Amino acid sequence: MIGPRGAEGGNVEIVCVGGGPAGLYFAICAKLRNPEHRIRIFERRAEGVTYGWGFGFWDDVLTSLYANDPVTARQIEAATGLWDGIEVHVGDQPTAYLGGYGLSMGRTRLLEILVARAREVGVELYYEREVAERSASGTSIGTDLREFADADLVVASDGIKSGLREADREAFGTEVDTGRNHYLWLGTEKLFGPFQYIFEPTEAGWIWLHCYYLDARRSTCVVECPPQTWQGLGLDKLSPGECLKTLEEIFHRQLDGHRLISQVEETDTVIGLHGKQVRNTRWYSGNVALIGDSAHTTHFSVGSGTRLAIGDAVALAEAVSTHGDDVPAALRAYDATRRPEIDRIQAQALNSMRFLERVPELLDDPEMNPVRFAYAVSRRLGTRDERWRHYMHLATQVRLLRTVRCKLTSARRKRRERQRAKSQGCAPAALSPVRTTT
């Protein structure tokens, strides 16, 4: 691991390996705090090429974006869609309901905004620059940092398979929790209004969808099931096209004839991913800092990947700004302030992953019904089970009371929009409405 070279006058030479949201937003925040920093981003893919569907988040992210860069925040808010309420479907039983809302936007549009803003503030971007060393299978096995010997700070924004992290795995204390369930991250042209959990029984066992509105053209659908269902349905032996057809038949009622869309190229068989949580007991080594998925991942069921990456970006940029050219002090401060917060969220995400692994057991219980099960879904993070929350849940199943709750939630959301707009001296941005299709 190379050591920090040091800089004069508080200006820092920074290299980011990875041009996803974490690296881009850190570069923007750091450059805005000190325009004299030289910041270079190296991304192995071509510009505009990305993998993934979208970015799910909540009001706290918009508040942070406005506090750090209102220009970026306004563009992201203008491209944001809204899902309102949560529905839980268990086979052909009556629907159960939960409250809440969330925001979302397409990943491609998010990267377009961040790339344009990074260039505008003077960040240097280099595409199709492979930095990581990879095995024959394509797995990252390390990173050669000799070409960055002039850098005071190297930011590992190269994702869950980070070559920078793997090059010094012991120093970072990397650990990985791997879940049992298989999942596929898909899309559909059906626009879901509320967030929907859809659990369907099959001859091979239970399989389910996590569905939410993404943008004006698509929704995201994550398929999940235990290994016995995955293998029992033969999904481990099907081509991507055959797999999608099988899933469309299982969920035909909820998809209303709309097709499922995969980003996986045509191959012999589909590889079912497993939920993974990457943890590191230390987020820096020498002058290399981990950020975003290279530092931590959370199970997809808590929808926090990009949200947490943006928080990391702000925290690291603030630490660099505070400590100037004292990079070691900046990295100590970043690790001390940010990692404990992520540890708490990862503990909740691990609870969620383990809960979903117990879904077949819960749903096969003869005393379980959709309302009870939906409440268990809502409490899966391991948060305190106050009695009033259970009463609120029961009230939400009554249509009139559910309507009242939705109106109160909408009023709180709009109040937050007005508060953000007031702080910026502008009119509230209108979130993209969900126009559901049938």
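Student: Which side chain does R38 meet in a salt bridge?

Tutor: The side chain of R38 meets that of E124, with N and O 2.9 Å apart. A salt bridge is a side-chain nitrogen of Lys or Arg within 4 Å of a carboxyl oxygen of Asp or Glu. The pair links distant parts of the chain, since R38 is in strand β2 (residues 38–43) and E124 in strand β6 (residues 124–127), 86 residues apart. Helices (H or I, at least four residues) and strands (E, at least two) are DSSP runs, numbered from the N terminus.

Student: What kind of model is this?

Tutor: This is a predicted model, in which local features need pLDDT of at least 70 and side-chain atom pairs count only at pLDDT 80 or more, while totals for chains, interfaces and linings use all residues. Residues are numbered from 1 along each chain as its sequence is written, and side-chain values use heavy atoms, leaving out hydrogens and water.

Student: Is R38 buried, partly exposed or exposed?

Tutor: Buried means under 20% relative accessible area, exposed over 50%, and partly exposed in between (1.4 Å probe, protein chains only). R38 has a relative accessible area of 32%, so R38 is partly exposed. E124 has 24%, so E124 is partly exposed.

Student: Which residue forms a salt bridge with D59?

Tutor: D59 forms one with R416, and their closest N and O atoms are 3.7 Å apart. This pair also links distant parts of the chain: D59 lies in helix α2 (residues 59–68) and R416 in helix α15, 357 residues apart. D59 is buried because its relative accessible area is 9%, whereas R416, at 32%, is partly exposed.

Student: How far apart are N and O in the salt bridge of D312 and R338?

Tutor: The distance from N to O is 2.6 Å. D312 is in helix α10 (residues 305–323) and R338 in helix α11 (residues 327–357), so this pair ties together parts 26 residues apart in sequence. D312 has a relative accessibility of 0% and therefore counts as buried. R338 is buried too, with a relative accessible area of 7%.

Student: Which residues do salt bridges that share partners join into one network?

Tutor: The network holds E13, R38, R40, E124 and D150. A search of the whole structure finds 28 salt bridges.

Student: Now for surface patches. Which residues form the negative one?

Tutor: Patches are made of residues with over 30% relative accessible area and no salt bridge; like charges are joined within 9 Å, and nonpolar side chains (Val, Leu, Ile, Met, Phe, Trp, Tyr) within 5 Å. Lys and Arg count as positive and Asp and Glu as negative, without His and the chain ends. The place of a charge is NZ of Lys, CZ of Arg, CG of Asp or CD of Glu. Here, E361, D364, D365 and E367 form a negative patch. D364 lies in the loop between α12 (359–363) and α13 (370–378). The relative accessible area of D364 is 52%, so D364 is exposed.

Student: Which residues form the positive patch?

Tutor: That patch is formed by R412, K414, R415 and R418. R412 is in helix α15, and R412 is partly exposed because its relative accessible area is 36%.

Student: Which residues make the nonpolar patch?

Tutor: V398, L400, L401, V404 and L408 make a nonpolar surface patch of about 450 Å². Such areas come from the Shrake-Rupley method with a 1.4 Å probe; for residues, only the protein chains shown count as cover. L408 is in helix α15 (residues 399–424).

Student: How far apart in space are S285 and R412?

Tutor: Their C-alpha atoms are 43 Å apart, and the two residues are 127 apart in sequence. S285 is in strand β16 (residues 284–285). S285 is buried, with a relative accessible area of 7%.

Student: How many helices and strands are in the protein?

Tutor: There are 15 helices and 17 strands. Of the 438 residues, 53% count as buried.

Student: What radius of gyration does the protein have?

Tutor: The radius of gyration is taken over C-alpha atoms, and the globule rule is 2.2 Å times the number of residues to the power 0.38. The protein has 22 Å, which agrees with the value near 22 Å for a compact globule of 438 residues. Along the principal axes, the C-alpha atoms fill a box of roughly 70 × 55 × 40 Å.
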